[in-house]
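Grab a pencil and work through these exercises one at a time. Try each task yourself before you read the solution.

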Amino acid sequence: MAKVAASSFLLSCLFVLFLSSVSAVTDEDKQVYIVYMGSLSSRAGYTPTSNHMSILQEVTGESSIEGRLVRSYKRSFNGFAARLTGSERERVANMDGVVSVFPNKMLQLQTTTSWDFMGLKEGKRTKRNPTVESDTIIGVIDSGITPESQSFSDEGFGPPPKKWKGVCSGGENFTCNNKLIGARDYTSEGTRDTGGHGTHTASTAAGNAVVDISFFGIGNGTVRGGVPASRIAAYKVCTETGCSSDALLSAFDDAIADGVDLITISIGDKSAPMFERDPIAIGAFHARAKGILTVNSGGNSGSDPTSVSSVAPWILTVAASTTNRGFVTKVVLGNGKTLVGKSVNAFDMKGKKYPLVYGKSAASSDCDAAAAELCQEACLDESRVNGKILVCGGPGGLKIAESVGASGLIFKTPKPDVAFIHPLPASGLQAEDFESLVTYLESTNSPQATILKTESIFNRTSPVSASFSSRGPNTIAADILKPDITAPGVEILAAYSPDGLLAEHDTRHVKYSVMSGTSMSCPHVAGVAAYVKTFNPKWSPSMIQSAIMTTAWPVNATGTGIASTEFAYGAGHVDPIAAVNPGLVYELNKEDLLGFLCGMNYTTSVLKVLSGEAVNCSETKAISPRNLNYPSMSAKLAGSDTTFTVTFNRTLTNVGTPNSKYTSKVVAGHGSELSVKVTPSVLSFKAVNEKQSFMVTVTGNDLNSELPSSANLIWSDGIHNVRSPIVIYTYDEY
């Protein structure tokens with residue numbers, strides 16, 4: 001029988017194995033519930049099934065429970081499934097020995113979910129061009145790769161594409177194959193990935209489909225990349241201490257010459273450096289000039305303004321967002337109350353309740369109660385914590401829980417939207433649930449709790465920007481909207497290095513692991529870009545970037561301030577299927593980018609650093625940044641209290657069908673209302689590759705200095721909807 005991932009309380013994956021034939025009864029008053037009772041009792045003479053029947057008889061008042069008891073669990077853990085009414089369920093939940101009661105669900109095998117969530121289904125459900133995909137080479141500039149991973153097996157692959165000019169220089173005990181066709185090391189450590197990051201990103205972009213994969217039973221299913229038939233070339237530039245600029249530039253240099261088709265690089269600075277000091281911007285400029293698109297992570301500096309680190313218009317910059325799946329870890333208190341927290345907890349406490357100790361109640365003589373409450377280092381008395389579940393007012397306890405002998409950890413989390421792996425049973429609670437826990441601690445003489453194994457939930461209907469994902473505006477080119485796009489970057493299961501640490505002080509080693517960050521969303525978009533290129537092999541990088549941006553899903557605003565705007569998600573959420581056939585695209589070439597740089601008043605010496613050649617701006621047509629033929633439109637104004645008029649000039653290229661007519665439509669966004677006029681309002685194309693230009697005039701007044709104002713321009717022929725965000729903001733806040 002196929003394994004099923006955890007999707008409810010502790011050990012629910014095993015429940016599902018036993019319940020494969022169970023379905024909810026047709027009687028509207030009854031439903032099948034699973035009653036979880038933790039570990040088996042060691043009491044002499046204890047018979048689980050008899051105990052289960054006795055409980056049901058007591059709760060239902062029926063002497064015969066035939067038709068009620070569905071199944072008993074009596075070999076590895078204790079519990080049963082039964083048909084109960086709502087009131088009966090409540091009575092069972094309050095009985096001694098019952099850890100939790102939850103409804104039975106018919107579950108399906110899970111994949112890593114992100115590609116399914118984006119519509120790129122597995123197998124024959126997705127149109128593919130296997131011959132071209134097999135000739136597509138993705139260069140991964142990262143921390144190396146694990147060549148033995150199943151995700152990089154070359155079973156069924158033919159020889160590398162003839163265009164490949166690279167080498168396999170991975171170092172000792174490193175072998176390439178017809179899937180992993182190249183490896184280069186710039187760290188003197190060999191290309192083998194000892195941390196896991198590079199392996200994870202490579203498999204997310206282009207890993208093979210590998211069935212029955214999970215993280216200790218969590219997220220079980222098929223792990224795969226966006227373009228499983230494509231080839232991978234790994235360029236190791238990162239060690240434990242970081243990624244040097246010289247290594248980055250060398251990797252770009254080699255990757256371009258080796259013949260890769262696109263580059264994915266989940267590396268960045270804490271803030272956006274000037275283009276001429278940014279090795280990624282420099283390397284990516286050269287790649288773009290050679291027809292290679294660079295996809296780069298936007299950064300994990302959080303939701304503050306101007307935190308996005310990748311801002312060059314010749315780079316496709318990716319933000320991170322959620323999928324429809326999330327991981328939660330529940331805490332069951334001694335009074336039966338359940339609190340829902342976040343972590344990737346694979347440890348099984350078997351329902352046993354452990355004493356709770358609040359950090360401030362275990363303060364050492366060296367610290368005051370306030371510091372101990374946050375579980376700061378050297379602030380807790382080990383004798384008061386040992387063997388108990390430690391409760392901390394912040395994530396600081398993660399650093400010390402093991403050293404003070406804690407059996408588990410419950411903490412107030414600053415990031416309630418993302419689950420991380422920890423070296424012991426742990427759960428991060430949001431403020432409201434944490435306060436409820438504190439109330440329980442302060443009102444109970446002997447507080448206890450158990451931390452359940454992580455479960456998967458599928459209750460999200462639309463993507464939400466991750467709290468850690470860096471935000472715009474663009475600090476270098478203020479009129480270029482960044483990030484460009486958002487993609488799944490929260491709780492992504494992918495290949496990992498067995499040599500890599502899962503967390504500090506964690507001694508476990510795995511071949512597949514769960515990670516979160518724009519590092520994870522970046523290879524998703526790289527995979528989409530490769531997928532688009534397989535159907536449009538002659539498209540330039542700008543055409544691919546435009547197709548991805550203008551076909552993105554609109555993202556619903558959440559939160560407040562810039563966290564709810566295009567500065568969080570750019571043009572929207574990537575849609576792989578739609579991007580293959582966008583209808584129209586915005587094209588850019590090297591001359592346009594040089595004109596853009598001249599428009600930013602860059603000197604000849606700086607332009608030479610970026611382009612590698614002498615550029616005289618007096619001989620190059622300067623382009624105002626807001627008039628660069630970019631798929632989004634953005635303008636930064638000097639003030640908010642006056643009437644303004646802003647114009648954008650753009651040109652669209654028809655990549656759809658001949659004799660097509662596109663009509664413009666403007667949809668309001670957020671912030672102050674904008675008046676948008678498009679001239680002409682209708683574009684008619686007689687031929688494929690024909691170009692048509694238009695102008696967008698935006699007027700308004702009284703802009704909100706704390707929130708950008710936006711609208712969306714949509715060109716539609718009834719089949720294609722080519723959408724570009726328009727964002728206007730002021731100097732006041734940014």
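**Exercise 1.** At what angle do the axes of helix H8 and helix H18 cross, and within what distance do they come?

Before you start: this is a predicted model, where local features need pLDDT of at least 70, side-chain atom pairs count only at pLDDT 80 or more, and totals for chains, interfaces and linings use all residues. Residues are numbered from 1 along each chain as its sequence is written, and side-chain values use heavy atoms, with hydrogens and water left out.

*Solution.* 
- Step 1: find the helices. H8 covers residues 279–289 and H18 covers residues 604–611. Helices (H or I, at least four residues) and strands (E, at least two) are DSSP runs, numbered from the N terminus.
- Step 2: look at the axes, which are lines fitted to C-alpha atoms, for helices over the stretch in contact, with angles from 0 to 180 degrees between N-to-C directions. The two axes come within 8 Å and cross at roughly 70°.
- Step 3: name the arrangement. H8 is therefore roughly perpendicular to H18 (65 to 115 degrees; under 35 is roughly parallel, over 145 roughly antiparallel, the rest oblique).
- Step 4: list who touches. H8 brings Ile282, Phe285 and His286, while H18 brings Val609, Leu610 and Ser611 (contact means heavy atoms within 4.5 Å).

**Exercise 2.** Describe the ring pair of Phe567 and Tyr729, and say whether each residue is buried or exposed.

*Solution.* 
- Step 1: check the geometry. The ring centres of Phe567 and Tyr729 are 5.1 Å apart and the planes are at 85°, so the pair is edge-to-face (Phe, Tyr and Trp rings, the last by its six-membered ring, pair if their centres lie within 6.5 Å; planes under 30 degrees apart are stacked, over 60 edge-to-face, the rest tilted).
- Step 2: Phe567 lies in helix H15 and Tyr729 in strand E34, so the pair ties together parts 162 residues apart in sequence.
- Step 3: check accessibility. Phe567 is buried at 2% relative accessibility, and Tyr729 is buried at 2% too (buried is under 20% relative accessible area, exposed over 50%, partly exposed in between, with a 1.4 Å probe and protein chains only).

**Exercise 3.** Which residues do ring pairs link into a cluster, and how many aromatic pairs are there?

*Solution.* 
- Step 1: the cluster is made of Phe275, Phe285, Trp314 and Tyr602.
- Step 2: the count comes to nine aromatic pairs.

**Exercise 4.** How many helices and strands does the protein chain have, and what share of its residues is buried?

*Solution.* 
- Step 1: the chain has 18 helices and 34 strands.
- Step 2: buried residues make up 58% of the 734.
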